[in-house]
Every structure is written in structure tokens, then in C-alpha cells.
Amino acid sequence: MPDTTGANGLREDFRVVGKANLPGLTSYAMATGVAKYGTDFTVPGMLFAKILRCPHAHARVLSIDETAALAIPGVLDVVKWDDPIFDELGANPINGGNRPKYLPQEAHYEGQEAGCIVIAESEALCEEALKALKVEWEILPFITDIQKGQDPDYPQIRGPELLAGEESEYRPGMATSDGYQLMSKHYPTDPRREGNVTWNIKVDGDPDEGWKKADFTLEYDVNIPTCISTIPNPPASVAYWGDSMYKGPGQKIYIEGAPHRRESIMAMYHKSSDEVVQEGLFQGGKYCDWGLRISQEVTPLLSKRMGGRPVRCCNTREETFDLNRNERHMHMRLGVTKDGVITAVEDNTLVDNGAPGSSTMGSVSDRDWGGYYTLKCKDITQRFKVVDSNIGYMHTCAQFVPYNWDSITVAFDLIAEKLGLDPVEVARRNLHGPSSQDDPNPVPSFEASLEIGKKLMDWQWHPAGTKRLPDGRLHGVSFRYAICPRHSFMDYFCKLEYRDGVVHFPTQGPIAGWFSTECFTMIAAEELGLNYEDISVDYDYREKHSDQAGGSDGVTGHGWIVKECANKLKRKILESAAREANRPDDAYRGVFSFPAPPSPLKGATADELDIVDGKVVVKADPSRFVPFSRATKENVTAEYGGYSPKSAWVTGFGRILDTMNTSWCEVAVDDETGEVEILKYCVVPDVGKIIRRTSLESQIDQVVFFTQGCQLLEEFIQDPETGVKLNGNFLDYRVPTTLDVPEVTKEILELRSGNGAYGASGISHNLANSHLIITAIHNATGVWVDPPATPDRVLKALGKCEIGGSK
Amino acid sequence: MRPFNHLNAASLEEASAALREPGAVAMAGGGDLLGALKDDIAREYPRLVVNLKTIPGLDGIEIRDGKLCLGALCLLGDLSRNETVRAVAPMVADAAAKCASPALRENTTLGGNLCQLPRCWYFRKLLNRFDCARKGGERCFAMTGDNRYHSVFGPAVFEGCDGKKHACIAVNQAELAPGLLALEAEVVTSARTLPIGEFFGVGLMSATVLEPGELVTEVRIPLPPAGTRMAYKRFSFRKSIDFPVVNVAVAILPGNEYRIALGGVAPIPRRAAAAEALLAGKELTPELAAKAGEAAVEGAKPTEANAYKLQLVKTLVKRELLAL
């Protein structure tokens with residue numbers, strides 16, 4: 001589905017879009033330290049705040065004796081959870097999770113903010129004060145092992161106040177215009193809660209019919225551990241109150257460190273736009289994590305309490321270990337024909353529900369657009385058993401969403417193994433075509449990606465455990481496919497202004513490292529006949545345009561809006577230029593009222609004009625032109641808001657297809673040490689159309705790096721006795737270094753079949769995976785290793801531990 | 001980080017005197033101490049940090065009296081590049097080159113590497129969340145908890161501050177220890193000279209037998225006889241910025257005298273005596289190397305979670321022997 005509904009969607013001549021190495025607009029600031037992030041802001045005379053964190057996996061504050069803390073010189077206040085000051089706060093409309101009480105009395109995971117906030121003259125004094133508090137905790141039952149947590153006799157970890165509204169969650173999901181139900185936490189027919197377990201059961205088609213068609217049953221497990229979100233910059237803010245010349249003294253909030261969420265601060269503090277000032281727009285990269293943390297929200301409140309003195313509150317690295325991927329155990333049953341075609345899917349998933357308020361993206365609601373719907377098989381049962389836990393908090397979303405692509409990746413490998421077929425061929429037999437699950441021929445995007453991927457990999461699949469490299473290590477390969485996603489469910493906005501001869505693109509950011517503003521600038525320049533550097537990007541926190549699109553998934557949809565906006569502006573500029581060119585001479589005077597020479601455009605209508613190479617020209621005679629900077633003396637503004645064309649990703653959720661990608665992996669496994677080396681990791685996405693190659697390649701590198709880390713090293717580990725996390729730092733929680741993973745081999749296709757700007761689609765979410773490397777390890781060794789495939793696990797799977805490896 | 005006093009020691013005597021006071025801790029490169037201070041892992045926060053880097057004359061590298069003498073304040077980066085060290089004790093240089101990260105190797109010292117506290121995640125958990133035996137508490141939490149990185153040779157038993165015997169299964173992961181152990185180095189302190197095999201120990205907030213105020217000043221390696229071959233291998237889950245899960249040093253001296261030292265597997269670095277005895281005087285063969293690997297883990301008592309370390313030791317010992 002190319003971009004046919006908007007302006008120039010089928011454009012062939014690109015001067016700007018797709019170009020590599022156009023400079024990032026804020027790269028210099030970010031690379032040199034000029035850019036300020038939340039943790040960087042300081043204000044003269046500021047105070048410091050730190051929030052008490054629960055040292056237990058689940059506990060309630062019974063009392064806090066702050067006498068000793070307040071006796072420390074420089075410690076000014078201890079604000080407890082039940083302080084009426086918190087009642088002044090309004091709700092945060094965008095926060096990813098519910099907060100029944102702003103600062104909770106009960107903490108649901110180790111490290112959760114609870115109980116009180118201390119305010120002191122220095123951060124060190126805050127730490128002294130926290131240590132001096134006498135906190136009486138009531139330690140409550142906890143679940144950090146969801147296998148044990150599903151026991152109906154296990155004490156219930158969520159009190160009645162948290163479960164009060166649960167019955168209302170049993171309702172149909174959101175119905176799309178295409179007739180699909182999405183994002184239901186519980187269906188009305190789901191079994192009701194038993195202990196700490198709830199259910200979400202979704203049945204598509206007629207599973208009985210599917211099983212009848214099968215020649216054999218394949219049964220296997222896909223286990224995915226918890227991973228954390230590695231936010232580069234811990235959440236932090238500094239805030240104070242100033243005078244408003246309209247509302248009076250002390251009415252204006254100055255806050256830095258909450259970029260992109262000024263509207264949340266406005267709502268929480270009941271302030272209008274002119275009463276909240278925030279100039280800094282840089283934020284550390286986050287992955288689909290749009291919420292603020294308490295340390296970013298509470299500083300104005302604390303400043304107010306301290307008489308308007310600025311207050312700074314920063315999380316530490318250890319305090320910034322929110323979940324990025326919830327633990328999941330998928331027990332799979334597939335009906336398969338002797339030709340390798342899947343006829344029935346049964347996914348029995350046990351999944352961590354996280355702490356209260358966690359996003360359902362980490363538990364159930366991702367499966368509506370998973371890999372199953374890309375199969376010709378329409379008989380699909382997804383039975384999710386959801387266990388409340390005290391493992392951690394999933395804020396909004398995860399890079400791995402949707403999760404269940406990998407049960408298909410593993411399935412293709414197992415079918416290939418059983419039937420002696422190349423898994424690529426198994427995939428081809430199961431993948432439906434572009435129009436529906438009944439469409440027999442895979443989408444061209446898939447075939448093109450396959451062809452290149454095979455060449456790049458020198459693809460030679462072999463049965464598991466049958467090939468050794470010359471150095472003696474076992475050799476394995478794997479393959480997977482996925483849809484290229486695109487966010488067309490969000491409404492976007494763009495404003496462009498022609499002012500004093502220059503096109504301005506005002507934006508509130510945030511500047512989070514995904515370079516979407518640069519992409520939009522390229523699109524605007526392309527459509528306006530200008531160069532990239534001709535457009536002035538004006539960073540202004542008061543502006544409406546926000547890069548909330550995120551990475552390529554959003555850029556391609558949001559870019560479509562920018563494209564339309566640029567064409568709207570272009571039309572208005574040409575209309576204005578024609579209007580001015582055709583004014584009577586006496587209305588168009590030069591210096592000292594001497595008549596100006598006739599405009600070279602005189603006589604032309606707007607339709608007869610174009611903007612080419614920085615000039616407004618008469619199309620029929622390009623020698624007649626005025627420089628773009630003198631196109632018109634009017635200030636011209638264009639706005640465009642709304643939705644981009646609906647993408648296949650959110651129309652059929654896998655049931656229709658346009659742009660796809662393949663990923664490939666080759667590993668060597670040392671079966672004496674359990675060490676896994678990725679020899680090659682190859683990605684061939686059809687992104688439809690490249691907007692900014694540099695950002696796109698970087699995003700691919702990022703998502704693959706993330707993927708490699710979670711399959712080889714990353715794992716969130718808690719003490720079984722206390723539920724306390726043991727590796728809450730980047731020494732013990734290992735993300736790979738550049739020495740641990742190879743450069744990603746990539747070739748990007750542009751078949752123009754996505755319907756974002758110029759036929760573009762995104763690449764990020766569905767390149768993230770949990771089992772491509774794991775599948776290659778299986779191909780090498782013949783055994784399955786649950787991720788992360790650390791040497792101890794590999795050795796255990798190979799039977800080379802005398803007693804056993806880690807759990 | 002909480003407030004503390006800081007002293008730039010001008011001499012060993014000044015440093016020793018200051019460190020005899022309760023609540024004083026020594027800092028060389030700070031690679032170990034700064035993390036401990038930031039995470040506030042101890043029962044009591046140090047009142048005084050004594051900077052040893054300001055003491056002159058403790059960073060030399062020279063051959064003296066038939067020994068390679070390495071000052072305690074030698075930077076690991078310098079050790080890794082020094083031509084004398086590379087010629088006399090290449091496995092010590094190799095170990096220094098693999099430690100931590102490039103940036104840390106230019107700050108951290110030989111003495112600090114040998115004296116570092118255990119990396120046990122219970123011991124290191126911030127705010128002294130687990131008040132374990134090594135801090136004066138009753139228990140070793142790793143014994144019943146997640147001990148995948150801990151000792152496969154059982155616990156160390158030591159006397160706690162209550163006068164009772166306590167156990168700890170944290171391992172010593174000092175990168176340079178196995179190499180120095182295999183070369184039978186000696187450690188010179190401000191008070192005595194010790195064979196390195198007697199230097200490591202398990203005590204309250206300590207990984208050595210150093211007394212309060214006692215400081216390492218030098219490490220001396222007897223010059224290996226001509227024809228000595230040696231190799232060092234570390235195995236870590238990550239290739240940089242990671243501590244060794246297992247590290248092995250192997251030396252073969254003329255006359256087929258074998259020395260094998262292991263780190264990361266026990267509360268203190270250990271010689272693989274059974275493997276050395278098995279090999280003594282014999283020409284190496286692949287079969288013998290494999291048997292030596294088996295012998296290197298003789299007497300091991302792994303837990304369910306850390307038995308993989310035995311396989312690593314066996315493989316590393318075998319491979320390093322065969323590589324020589």
C-alpha cells in the first residue's frame with residue numbers, strides 16, 4: 001500500500017530525503033556537553049530532596065520517626081506519605097501507571113518510592129537523613145517467582161483497595177474499524193481471579209478444525225526472563241516558583257527535567273501554559289516510556305513547601321531499574337501438516353503482571369498484533385495466565401512488544417528440524433499474502449528481503465548439531481521474519497511558518513536522540529524545494545508540535561503529516577507570491593516610494609509557480625524567478641494535524657501485510673566453556689522509503705544491540721529469600737560492550753509499499769526479539785537454552801555441569 | 001556519597017598511623033573503594049579516607065636482587081605495557097591488560113587489585129541491605145541465596161566481631177592474584193614480608209591478612225628460570241568491564257615443574273595442588289592436560305547454581321597447559 005492519498009507520496013526525485021550524514025541539529029550540543037539533561041540542572045541556593053525507597057519486595061510503612069533525621073544540621077524537612085500537601089496535586093493525565101496515593105504507604109517492589117521525602121541542604125545530607133529515619137515496615141508476602149505465585153494457596157499480594165475495580169476490567173477490548181478487538185485486559189468470558197492469578201483468553205477461528213487438519217503436534221516452551229529499561233539519564237528535576245506578572249507573586253513554576261510532559265506538570269499543579277516555564281528539552285533516550293517519575297514531578301510541590309526555594313531531586317542509576325520486559329513462559333502446542341504448514345496454534349502463557357499500575361503492554365495487550373496473525377492458520381488460541389508480582393514496574397511499553405513473534409521463530413526452526421526443511425522454506429509455506437490470511441503468496445517485501453538476506457549470510461542451513469567450525473566450535477544459524485510496524489494510531493501535528501524569507505519549524509522536542517526533528521526537516525525541505533539547512537528549527541517548549549512519535553515507527557507516520565503540512569505551506573507561499581507579484585505598481589513601492597521594478601513573477605498565477613532550488617520560479621519559464629527568501633513579504637503559516645493513512649500494522653494486525661523484514665544470525669558455540677559468539681547478525685528490512693539513513697541505521701544498531709544483550713547477558717536477578725534485586729547496577733546487570741557483539745550487517749530495502757511518508761514504514765519494535773540468537777544456538781548444539789544464554793546456562797543445557805547451572 | 005574526611009598521606013608512616021584509627025580506610029586508585037562508598041555498603045560509613053597516591057616511591061618497576069619488584073602503586077595500565085614485566089612475567093602483564101576497562105586500568109593499582117573486597121552481590125548491595133558475616137553479621141546470605149558466582153570450594157571460616165566462627169562463600173576475583181601465586185611472589189608490607197599464598201585471607205571487611213595500619217608496599221616476583229613458560233586466562237561473561245568468573249594462571253618451569261593457580265573459585269586464590277602433583281616431572285600430552293583439568297577441581301563442593309565453574313576450570317587448565 002504505497003503513499004497514494006497524500007501529496008507527492010509517489011515522488012521519485014529526491015534531493016534531500018534519504019540522504020546520509022546530514023548533521024543532527026543538536027548533535028554538537030549533545031556530543032560536547034552543552035546539552036543539559038535533568039540531572040545537569042542546578043540553581044543557586046537550591047535544596048535537595050530524596051525519596052525513601054522500600055528495602056523489601058513488598059512492605060507497608062507503619063510509622064516513621066524522623067526525630068534523629070531532623071536533628072542533623074542542614075536537614076530541613078521530612079514529608080510523609082499522609083501529609084496533606086500531597087492532596088494539592090492534581091492527577092497526571094499522561095502518567096503510564098495508576099497512583100492511588102501520590103506517595104504510597106505500601107511499596108510493591110524493592111526500591112519503590114514510598115513513605116516519605118527528605119529535604120536538606122545537600123544530597124549527602126539527604127542520604128544521612130534517610131539513614132537516620134526510624135522506619136517501621138510491615139513486611140508483606142511477595143512474589144518474585146511467578147511459577148510459585150500461581151499457586152492458588154499463596155497469600156494474595158494485592159489488597160482489596162487495589163482489586164476493587166477489577167470486575168469492570170472484564171469487558172471487550174477496543175473495537176477497531178476493521179472489526180478487531182484490541183487491548184482487553186480481561187474478556188467478559190475469562191475466568192475470574194483466583195489468588196494472584198487472572199486470565200485473558202482469546203480464541204480466533206475454530207481450534208478444533210485446526211487440530212483436525214494436523215498430521216502431528218509440536219509441543220515446546222519459550223521462556224523469556226525479565227529485563228530492565230536502561231534509561232541513560234536517570235529521571236531528575238529542579239524546580240522553583242517565580243512571580244507571574246499576570247497572576248501574581250509566586251504563581252509561576254520554573255521546572256527543568258520534565259521535558260515533553262509540561263502538560264502533566266500543568267495539570268498536576270493546576271497551572272495554565274503561561275505559568276509553567278521549562279526551557280530544557282533534552283531527555284535521555286527512553287524506549288516507549290512516556291511517563292514521568294516522582295523525582296520529575298514533585299519538586300515544585302517541595303519548593304512551595306520550602307517557601308519557594310528551588311528544590312532538586314535526582315534518581316540514582318540504581319533507582320532507575322524499571323522493567324522493559326516482563327518475565328514470560330510460553331508453553332506452545334502447534335498442529336502441523338506433513339508439509340510443514342501450521343494448522344492450529346495454542347499458546348499457553350504464564351506472564352508476570354508486574355507491580356500495581358504496570359502497563360498491560362508487558363503482560364497481555366501486546367498479543368493482539370503478534371506473529372500468529374501472519375500465518376495462514378486462522379485457528380489460534382491464546383490462553384494467558386497472568387500472575388501479580390513484586391518484581392518491578394513496567395511503565396508504558398517495551399521494545400520487545402509484541403512478544404510472541406518468537407514462539408513462531410522457534411516453531412519454524414522445530415518444524416524445519418523435524419521435516420528436514422530449511423526454516424526459510426517453512427516460513428514461506430506458512431506466511432500468508434498481503435491481502436488476507438487466505439492470500440497464498442507472500443508479500444514481495446518478504447521475498448526481496450529473503451533473497452538479499454540469504455546472499456549476505458551465505459545462507460546454508462543445516463540440521464542441529466551437525467556442523468563444527470575449523471576451530472572446533474559448534475556452528476549454528478537462524479532466521480526470522482516480522483512486519484515492519486508503523487504508528488498510525490496516534491494523531492500528529494505540524495506547524496510550519498514562512499517568516500522574513502525563512503521557513504521555521506517550531507517544536508517542543510523532546511530531544512531524545514531519535515532525530516525525528518531532522519527527519520521532518522528533511523521532508524519539509526524536500527517538499528518546499530529547499531535544502532535541509534534552509535529550514536530553521538526553533539526549539540521552544542511552548543510550541544504544540546512534539547516529537548512524541550518516537551523512532552522510525554512514528555517518524556514515518558508523523559512524517560506524512562509534515563509532508564502534507566509542507567505542501568500546504570508551499571501552496572500558501574505561492575499564492576502569496578503571486579498575489580504580491582500581481583499587485584498594481586502604486587501598491588508595491590521600493591525605497592523612498594520609487595516604483596519598484598515589476599516582479600519577474602508578474603502575470604503568473606499560483607498554479608503557474610513552483611519552488612525549485614531555493615527560488616520561486618515560473619514553471620513555464622524558469623529564468624523568471626525570485627529568490628525564495630523574497631517570495632513574499634507576508635508571514636505565512638500552515639498547520640496540519642490528524643492521522644496519517646492507516647498502516648497495515650494497525651489495520652490487520654498481521655492479517656494484512658505490506659512491508660516486512662528478515663533477521664538472520666550465525667553463532668559459534670564453545671561446548672567446553674558454554675561461550676557463545678555471534679559471528680554475524682544480519683538485518684534486511686524493507687522500510688518502504690528511507691527518510692534519514694543515519695537515524696535509521698542507528699536505530700537498527702540500537703534495537704539489535706538491545707536484542708543481543710537480552711539473549712546473551714541481560715537478566716534481572718532477585719534474591720529468592722527477600723525479593724531484593726541483586727544486580728541493580730551495570731556491573732552486575734550486564735549489557736554488552738562493543739567487544740561482545742559484532743557490527744550489524746544490514747541492507748535496507750525501499751519498495752515504497754508502506755503508506756507512511758513516501759511509502760515508508762518503521763523498523764524498531766519488531767526487529768527486537770528474544771529468540772533469534774537462542775534459535776541459532778539450538779541449531780549449533782541441538783539443545784535449547786533459555787535466554788540469556790550465559791555460559792552457565794549453555795553448559796547446563798549441554799549436560800556439562802555436574803550439579804547444574806543457574807536457575 | 002556521604003561526607004568523610006580526606007588525608008593526602010605524605011609518607012607510609014603517616015598513612016599507617018592514620019589507618020590505625022577506627023573508621024579510616026585506605027584509597028589508592030579508588031577503583032574498589034569509591035563504589036563501596038557510593039553504595040554505602042558497610043555498617044559504618046568511613047570517617048577518614050587516606051589517599052596513598054601521594055606517598056612517593058611506591059610505583060617503581062625494577063629488577064632487584066633477582067626479583068622483579070613492583071611498587072604497590074603501579075598502575076595496571078603501566079604493568080600491562082612495561083617491557084620488563086612483559087619479558088619476566090608476561091602473564092602478570094596479560095592479567096593487568098585484561099582487568100576492568102581501559103580507563104580504569106590507568107587509575108587503579110596493583111595493591112588495590114590485590115586488596116579489593118569481594119564482589120558478592122549480597123555484600124555489595126547498597127545501604128548494607130544484607131548485613132552479612134563479612135560485615136559483622138550472623139549469616140552468609142549467599143549460602144542460601146543466589147550463589148551462581150560464589151565459591152565452588154566451600155566457605156571460608158573466620159572469626160567475627162562477636163568472637164564466633166562465621167562462614168562466607170564469596171570468592172576472591174583479584175585479576176592479578178593467580179599469576180602472582182603461580183610465580184610464587186611475595187608481598188612486602190609496611191610491617192613484614194609474606195609469601196603471596198599467605199597474603200590473602202577472609203576477615204571483617206577485608207580480603208587479606210593485613211592488620212590495621214599495615215599497607216602493601218611492594219610485590220616481588222622471583223625471576224623465573226630460563227625456559228619457563230607461562231600463560232594467563234580469564235573467563236568472564238562480558239569481554240570488558242567485568243570481573244573474572246574464573247581465572248587461571250599456568251607456569252611450566254624447566255624440569256617439568258608445573259604451577260597452576262586459580263581465582264574466582266574460592267574465598268582466596270588457590271594453587272591446584274592435585275593437578276600440579278599429577279603433572280610433576282611429566283611431559284605434557286592432551287590426555288594428561290585433560291586429567292590435570294579434572295584434578296584442578298578435586299575436592300570441589302559446588303552448589304546447584306555454580307557447578308558450571310568446574311567445567312570452566314577444567315577447560316581453562318587443559319587449554320592453557322596445551323597452549324604452552
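The structure is a predicted model, in which local features require pLDDT of at least 70 and side-chain atom pairs count only at pLDDT 80 or more, while totals for chains, interfaces and linings use all residues. Residues are numbered from 1 along each chain as its sequence is written, and chains are lettered from A and ligands numbered from 1 in the order in which they are written.

Between the chains, 27 residues of chain B are in contact with 35 residues of chain A, contact being assigned where the C-beta atoms of two residues, placed from the backbone, lie within 7 Å. On the side of chain A that touches chain B, two or more residues are given by each of α3 (123-132) and α19 (791-797) of chain A; helices are DSSP runs of H or I with at least four residues, numbered from the N terminus. The most is given by α19(A), with four residues. By residue class, this side of chain A comprises 14 charged, 13 nonpolar and eight polar residues, where Asp, Glu, Lys and Arg count as charged, Ala, Val, Leu, Ile, Met, Phe, Trp, Tyr, Cys and Pro as nonpolar, and the others, Gly among them, as polar.

Within chain A, the domain assignment gives domain 1 (433-486 + 648-797) and domain 2 (492-642), with bounds taken from an automatic or database domain assignment. The C-alpha centres of these domains of chain A are 41 Å apart. In chain A, 17 residues of domain 1 are in contact with 15 residues of domain 2. On the domain 1 side, α16 (693-712) and α17 (764-767) of chain A each supply at least two residues, and α16(A) gives the most, with three residues. The side of domain 1 of chain A that touches domain 2 of chain A consists of eight polar, seven nonpolar and two charged residues.
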